[in-house]
Amino acid sequence: MARPEQVLLLEPQHELKFRGPFSDVVTTNLKLSNPTDRNVCFKVKTTAPRRYCVRPNSGIIDAGTSINVSVMLQPFDYDPNEKSKHKFMVQSMLAPPDMTDMEGVWKEAKPDELMDSKLRCVFEMPVENEKSHDMESNKMMSSSLLKSDSSTLPPKSMSSTLDDGEVKKIMEECKRLQMEAQRLREENKQIREDDGLRMRKSNMMSSQHSSVGIKKEEGLSARTVAIIVLFFLVGVIVGKLVL
């Protein structure tokens, strides 16, 4: 049984062109439009998934709207003699009215409900005077796409927001840590004061011991001098008597 004709409008319809040089990421856009009055689920697949980054690679296109899919070719060594065999396929199906699980819908889809369109990839090298301009354009486009992609991520995939209870817990923990730090500072201060007091006592005791030793030495030296003087006087007196 033949598959139904693709309801989505693709732009471009048949091929995705990538312009080098291919020393950096090269980005091209694929526009998917839904002209029907039904929401349409879509998936973008490729024969070389390691060579491309696709954002978004799946989703839902509301009735009467369109979406831009960015296809980013990763850097590689380009060979002009090698013809690209890479292909992309846009697969789509009408979204059920009561859809809640998109992955489940894809798994349960019947073959006659699926539609697909194929595109081939074409690599082109610009002439010399266009290379620098195209490199800058590709860099700017890739950067803006990555930023916009991160900004459109659902809240769960980004850093989760904190509720009031979590904020209160964090504030209490910060307060506890501050009090602990203050207690440690006071203990450290007390330890330094105790060490200073012990040092002063030790210095005082050592100075007292040294002064006592000096006094003893002074007393001994004075006594020695007195004995010498006494012997001298005795010698003088004895000498006079003998004479």
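Biologist: In this predicted model, is Arg19 buried, partly exposed or exposed?
Modeller: Arg19 has a relative accessible area of 35%. Buried means under 20% and exposed over 50%. Arg19 is therefore partly exposed.

Biologist: Which residue forms a salt bridge with Arg19, and in which strand does that residue lie?
Modeller: The partner of Arg19 is Glu124, with the closest N and O atoms 3.8 Å apart. Arg19 lies in strand E2, so the pair ties together parts that are 105 residues apart in sequence. Glu124 lies in strand E9.

Biologist: What is the relative accessible area of Glu124?
Modeller: Glu124 is partly exposed. The cut-off for buried is under 20%. The value for Glu124 is 26%.

Biologist: How many residues apart in sequence are the parts tied together by Lys17 and Glu124?
Modeller: Lys17 and Glu124 form a salt bridge, their closest N and O atoms being 3.9 Å apart. Lys17 lies in strand E2, residues 15-19, and Glu124 in strand E9, residues 115-124. The pair therefore ties together parts that are 107 residues apart in sequence.

Biologist: Which side chain meets Glu15 in a salt bridge?
Modeller: Glu15 is partly exposed, at 23% relative accessible area. The N to O distance in the bridge is 3.9 Å. The partner is Lys17.

Biologist: Which residues are linked in a network of salt bridges?
Modeller: A search of the whole structure finds 5 salt bridges. Lys17 pairs with Glu15 and with Glu124, and Glu124 also pairs with Arg19. The network links Glu15, Lys17, Arg19, Arg120 and Glu124.

How values were computed:
Residues are numbered from 1 along each chain as its sequence is written. This is a predicted model: local features need pLDDT of at least 70, side-chain atom pairs count only at pLDDT 80 or more; totals for chains, interfaces and linings use all residues. Side-chain values use heavy atoms; hydrogens and water are left out. A salt bridge is a side-chain nitrogen of Lys or Arg within 4 Å of a carboxyl oxygen of Asp or Glu. Buried means under 20% relative accessible area, exposed over 50%, partly exposed in between (1.4 Å probe, protein chains only). Helices (H or I, at least four residues) and strands (E, at least two) are DSSP runs, numbered from the N terminus.
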